[in-house]
Amino acid sequence: MNTETDTTPVAWTNLIQALTLLSRGQSNPASPLHCEHDELTVMADPDEFTLQEIEQLEAWGFHTGDDQTFRSFRYGSA
């Protein structure tokens, strides 16, 4: 997605791709995100994703959490 003429930083591109994928397995349509203690929580059910998709999400900084969530310290802290 990033090309020589694309000025979007890789971290932003990865975040957008991850959120787009995570939206398919959303588990809370009213409040999809929560951030606390330097950790971003995305309300998406890991059971809705293939192993390959979970591996890609992990590469982008999102790891499976408890209670139908993914969590990220990469995007949850400043």
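Glu 39 and Arg 71 pair up through their side chains in a salt bridge, 3.3 Å from N to O. Here a salt bridge is a side-chain nitrogen of Lys or Arg within 4 Å of a carboxyl oxygen of Asp or Glu. Glu 39 sits in strand 2 and Arg 71 in strand 4 (residues 70–72), so the pair ties together parts that are 32 residues apart in sequence. Helices (H or I, at least four residues) and strands (E, at least two) are DSSP runs, numbered from the N terminus. Glu 39 is buried, at a relative accessible area of 18%, while Arg 71 is partly exposed at 27%. Buried means under 20% relative accessible area, exposed over 50%, and partly exposed in between, with a 1.4 Å probe and protein chains only.

This is a predicted model, where local features need pLDDT of at least 70, side-chain atom pairs count only at pLDDT 80 or more, and totals for chains, interfaces and linings use all residues. Residues are numbered from 1 along each chain as its sequence is written, and side-chain values use heavy atoms, leaving out hydrogens and water.

On confidence, pLDDT is the predictor's own score for each residue, from 0 to 100. The protein chain has a mean of 92, with 92% of its residues at 70 or more. Helix 2 (residues 51–59) comes out highest at 98, and strand 1 (residues 33–36) lowest at a mean of 94.

The salt bridge count comes to 2:

| Pair | N to O distance |
|---|---|
| Glu 39 – Arg 71 | 3.3 Å |
| Arg 24 – Glu 53 | 2.5 Å |

Arg 24 is in the loop between helix 1 and strand 1 and Glu 53 is in helix 2, so this pair ties together parts that are 29 residues apart in sequence.

Now for the inside. Leaving aside residues up to four places away in sequence, Leu 22 touches Val 42, Ala 44, Phe 49, Leu 57, Phe 62 and Phe 70; contact means heavy atoms within 4.5 Å.

Back to the loop between helix 1 and strand 1, where Asn 28 is found. Asn 28 is partly exposed, at 29% relative accessibility. Its side chain reaches the backbone nitrogen of Ser 31 at 3.0 Å.

Conventions
A polar contact is a pair of N or O atoms within 3.5 Å; within protein, one must be able to donate a hydrogen and the other to accept it, and residues adjacent in sequence count only if both atoms are side-chain atoms.
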